[in-house]
Amino acid sequence: MGINFQNVTFKYAKKAPTNTIENINLSINNENEFIAILGHTGSGKSTLVQLMNALLIPSSGEVTVNEQTVTSNKKKNQKLKFKLIRSHVGLVFQFPEYQLFEDSVLKDIMFGPKNFGKTVEEAKAEALNVASILKIPNSLLERSPFSLSGGQMRKVAIAGILASNPNVLILDEPTVGLDPKGKIELMNLLVEIQAKTNKTIIMISHDMNMVAKYATRILVMNHGKLVYNGPKNELFQDVNKLSSFNLGLPECAKIALELKNRGLISFDQIPLTKEELYTVIESSCKGGENNE
């Protein structure tokens, strides 16, 4: 069973003038989804993902995760196994230092599996395995996590969540602050993890280039409402819809449209990535040669 929202509304205070998110209906599979959540600042993206692993409780409606249903009813919620929910859905915050607190990298990665009932030996084995997958060098494992670079800290934070082996991995702005090489390395690691484990990966992002290259399904939040839930290509081909959501195109799509406006290339579907743009340019060049 995955994640299911039924008519979920949330506000941070009962007397708040508006809801933070409103009447959300949504289903997410346990396996093999790569979802990007888009929306302007304050649209409700972070609130949505915190409801997914019960860090927040709905003001109304129901969120069901791994057969555990969370509602606004405090008495019902007392019977829930919140650890079970959080072992099923792992959340990596935008700023990794918020979830790093042990005195060594290894201990930080071990914390999750120990908290969910693993022995010290089992937790260490899980931690070493995940560190290897994420290419965290052994030389870093005994260092303080706060002595690491931003990119290294993010890897350690991801490792700490992965060591608990959640079915669903959520990352809030995973590429913020990374250089172009670091962004690609991290995203390729996520793709590799999904290929090996079939996990569902959900990321909040403002980086349209990363979204266009890696995501397959898009959720768009706008003023607390889920205004789009569907395939990536369908959204990015509708420029007017993107604009109405205050979202932009990836850089390659912008270049493609400019080249098309100048009559230099032709296409039916807007290319979204460098690879797709190269294919369109190559095809247009060959077409031009054939017409000479």
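**Reading sheets, helix packing and pockets**

Student: The chain has an open sheet of four strands in the order β2-β1-β4-β5, with antiparallel pairing. How do strands of a sheet pair?

Tutor: Strands pair through backbone hydrogen bonds, in either the parallel or the antiparallel sense. Here two strands count as paired if DSSP finds at least two bridges between them. The model is predicted, so local features need pLDDT of at least 70 and side-chain atom pairs pLDDT 80 or more, while totals for chains, interfaces and linings use all residues. Residues are numbered from 1 along each chain as its sequence is written, and side-chain values use heavy atoms, leaving out hydrogens and water.

Student: Over how many bridges do β1 and β4 pair?

Tutor: Strand β1 (residues 3-10) and strand β4 (residues 60-65) are joined in the antiparallel sense by five bridges. To find your place in the structure, look at N4, which has T64 in β4 opposite.

Student: How many helices and strands are in the chain?

Tutor: The chain has 12 helices and 10 strands. Both are DSSP runs numbered from the N terminus: helices are H or I with at least four residues, strands E with at least two. The C-alpha trace spans about 70 × 50 × 30 Å along its principal axes.

Student: What order do the strands have in the open sheet of six strands?

Tutor: The order is β6-β7-β8-β3-β9-β10, and the pairing is mixed. The edges are taken by β6 and β10 (225-231), each with a single partner strand, so one side of each has no neighbour in the sheet. Neighbouring strands of this sheet, too, are turned by an average of 15°, direction ignored.

Strand β3 (residues 34-38) pairs with strand β9 (residues 217-222) in the parallel sense over four bridges. Contact means heavy atoms within 4.5 Å.

Student: How are two packed helices described?

Tutor: By the angle between their axes and the distance between the axes. For α4 and α6 the angle is about 35°, and the axes are 6 Å apart. From α4, residues V105, D108, I109 and G112 meet V156, A159 and G160 of α6.

Student: What shows where empty space is left?

Tutor: A probe the size of a water molecule, rolled over the atoms. On a 1 Å grid over the protein atoms alone, a cavity is a set of points where a 1.4 Å probe fits but cannot get out; a pocket is an open set with protein on both sides within 12 Å along at least five of seven lines, and lining residues have an atom within 4 Å of a point. Points are joined across faces, edges and corners, and volume is the space filled by probe spheres set on them.

The largest pocket holds about 490 Å³. It is lined by 23 residues, with L91, Q99, F111, G112 and I161 closest to its centre. Elements giving two or more residues to this lining are α3 (82-88), β6 (89-92), α4 (105-115) and α6 (150-162).

Student: Which residues lie nearest the centre of the second largest pocket?

Tutor: I184, N209, M210, K213 and K274, out of 13 lining residues. The volume of the second largest pocket is about 300 Å³. At least two lining residues come from each of α7 (180-197), α8 (208-214) and α12 (274-291).

Conventions:
Axes fitted to C-alpha atoms, helices over the stretch in contact; angles between N-to-C directions.
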